[in-house]
Amino acid sequence: MAKILTVDDSNSIRQMLGFTLRKAGYEVVEAVDGKDGLAKAGHGKFDLIITDLNMPQMDGIQLIAAVRKMSGYSFVPILMLTTESQAEKKDAGKKAGATGWIVKPFNEEQLITVIQKLVK
Amino acid sequence: MSVASANAVVSILEQAKDELRSLARTTETEIHSVAAAFEGLAHHTDTILNLTAELVAAVESEGIRSVLPTVRALGEAAKHFVEQRLQATTGILETVAAEVKLLRQLSLATREQAVIARKTKALSVLTNIEVARLGARGGRFEHLAQQLAEFSQTLSEDVQRLARDTDAHRAAIEEIRQALATALPRQRQTMASIVTELEKVAGVAEAGLIRLSRTPGEFRSCVDMLRQRISGVIAAVQAEDITRQQIEHVEEGLRIVCEGLLGSNGMDSECAEEASWACAGLTIQIYQLRKVKENVASWSSQIKTCMDGILNVSTSEIVGIGPMVLEKEREVSAQLAEIDMLEEESRAHTESIQETLGGLSSLMTLVRDHLRKSKSARDCLQLLTFNSIIEATHLGSQANSILALARHIETISAEWRQITDQAALAMKELMKVAEPTNQWIKDFSEDGSRSLHEAQAQTRVSLENLRSTANFAATQAQHMRTASEQMRLQTAGVKTAGDLLNACFNRFEGIESEVEQARVQLGSGYEKWEEEYNEFEVERRFSASYTTEMEREVLRAALSGRPLPVTEQTFAGNAVELF
């Protein structure tokens with residue numbers, strides 16, 4: 001069973017992500033912000049990470065940059081789930097090493113289809 | 001603008017900020033409860049859908065698909081069976097009536113034969129008297145007298161036996177005819193009502209089975225509807241996060257306004273400038289608040305609609321599939337039992353008719369035997385006639401009385417021949433009539449039942465499939481009921497959360513009025529603030545936090561005085577853009 005790390009300071013987003021991913025058969029670990037996410041990524045091996053952009057303590061871009069430097073995370077897909085739709089923010093995410101971008105709210109069916117493609 | 005009035009406005013705005021923060025927390029808590037309730041409902045819905053999917057697979061199986069055509073074939077075979085039985089019974093009744101008539105004719109012929117037998121006996125006595133009277137000359141007639149005596153004895157016995165048996169058979173067949181004549185209308189009525197009943201039961205069973213065959217399609221559309229509703233809730237719950245950010249941005253906007261107002265050093269020109277952009281800033285926040293209010297209304301109504309849709313599963317027809325399969329199995333079983341009963345009744349009826357025909361066949365044997373004997377008696381009488389005439393001629397005038405006797409024998413022989421021919425004719429007719437009766441009975445007992453038996457056997461196999469599906473359905477239905485019950489219990493929780501969200505919505509109204517009041521107060525000394533503020537400066541100060549497309553559109557609408565941009569409710573959510 002593939003393991004996914006979800007990082008978001010919003011309780012409701014984490015809840016809905018968890019619900020959608022678990023229903024699709026994935027194991028889910030939740031982190032409440034970038035710092036928590038980084039710590040959890042360091043403690044376990046994940047097949048995919050989904051992170052918010054704007055979070056307290058450490059934002060999504062910083063998290064991606066830090067995770068990409070960790071061993072074993074160079075090719076792990078990272079999706080950004082955010083309310084932001086500005087091109088410059090997307091570019092920043094892409095440069096930091098994000099694999100894809102989702103503007104909230106996500107479409108659960110489409111999200112699962114993409115994850116199934118990314119996590120093989 | 002005096003420092004005191006700036007402080008008063010700041011105080012109002014600070015209060016609004018606090019309320020917004022508290023409201024955001026409340027909304028987050030409530031949406032968390034809604035999401036938890038939703039997860040519970042989704043779990044139970046999943047359980048119901050999985051149970052239904054298994055049940056639908058069972059309903060869609062080959063075994064169940066064969067039930068409907070089998071039930072139709074059974075109904076047709078039963079109807080054909082009943083029609084054939086009625087036709088056969090009518091035919092048998094007609095045959096039996098003809099047989100009774102022929103037996104009556106035979107009985108009459110037998111009676112006439114009895115008269116002849118008596119006459120033969122009398123002739124035998126007369127012949128003996130004549131033999132005695134002729135003395136030695138009549139010695140040659142002694143043998144004739146002896147033959148006549150023996151013949152009349154046998155004839156009398158045969159005729160008596162035939163008369164007795166014919167009467168007995170006639171009485172028995174008459175009794176059956178009467179019984180059939182009485183029973184036929186009743187039987188016709190009973191069979192007609194059975195056919196009507198069968199058609200009714202078959203109609204009900206067919207309608208039920210057709211209804212059952214539609215369930216897979218209904219199930220799939222229900223699954224699609226649920227998928228859409230679940231997506232709708234997921235999207236709406238996420239929208240709360242967007243709203244929370246918007247509230248934070250409004251708080252930030254209010255903070256910027258407060259800071260600006262408190263930082264003003266009291267110079268008139270500077271005060272005027274601060275007041276004008278603060279008014280513009282507050283206008284933006286009012287617009288944002290209106291948009292937030294609109295968004296909350298949109299996603300809370302979406303949650304309600306979708307949750308209602310999910311909850312409806314617990315009372316939908318999907319949950320009723322289990323009991324429906326059970327009901328259909330009972331209907332088809334009842335129909336089969338009805339047909340079994342009909343066949344049983346028909347079998348008893350067949351046995352009684354076969355018994356009657358069995359009796360008729362023994363009568364045929366008897367009549368055939370009697371006919372053979374009658375023919376032999378006719379030959380014997382002819383022989384006696386010739387012998388007596390030859391002997392009487394030989395004796396000449398001395399044997400006039402013997403000649404008279406010989407003429408009598410000749411007459412009797414002719415009568416006997418005539419009656420025997422009549423009996424033979426009646427017998428032939430009887431055989432002719434009996435022949436189709438045998439065919440009726442054959443049809444009755446073999447061919448007619450064969451197709452019914454085949455249909456019954458096929459129905460039993462289909463019924464067995466339906467029964468095992470029904471048993472499976474019963475178990476599934478029980479689980480579904482439990483899941484539905486749990487779903488209903490959670491409804492109360494969902495309703496409470498929905499009410500609290502509505503209460504949040506009302507609080508937004510209050511905050512918006514407070515900010516509106518602050519703007520009015522602030523703008524009261526600066527009627528021309530709308531013309532005086534620097535649009536670029538305002539945008540620079542407030543746009544930093546407006547990172548979403550919608551927020552930027554709201555900002556532009558506020559600054560240009562356009563109506564709020566419309567947010568379209570979406571159940572779908574956004575797609576992933578892969579880099």
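Student: How many bridges join S1(A) to strand S2 of chain A?
Tutor: This is a predicted model, where local features need pLDDT of at least 70 and side-chain atom pairs count only at pLDDT 80 or more, while totals for chains, interfaces and linings use all residues. Residues are numbered from 1 along each chain as its sequence is written, and chains are lettered from A and ligands numbered from 1 in the order in which they are written. Strands are DSSP runs of E, at least two residues, and helices are runs of H or I, at least four, numbered from the N terminus; strands pair if DSSP finds at least two bridges between them. S1(A) and S2(A) (residues 27–31) run parallel, and the bridges joining them number 5.

Student: Which residue does A:Lys3 stand opposite in S2(A)?
Tutor: S2(A) belongs to a right-handed β-α-β unit with S1(A) and helix H1 (residues 11–23) of chain A; right-handed means that, with the strands pointing away from the viewer, the path from the first strand over the helix to the second runs clockwise. In S2(A), the residue opposite A:Lys3 is A:Glu27.

Student: And what's the bridge partner of A:Ile4 in S3(A)?
Tutor: S3(A) covers residues 48–51 and pairs with S1(A) in the parallel sense over 4 bridges. There, A:Ile4 partners A:Leu48.

Student: Why is S1(A) largely enclosed by the rest of the structure?
Tutor: Count a residue as buried if 20 or more other C-beta atoms lie within 10 Å of its own, exposed if 12 or fewer, and partly exposed in between, with C-beta atoms placed from the backbone. S1(A) spans residues 3–7, and it is largely enclosed because the number of its 5 residues that are buried is 4.
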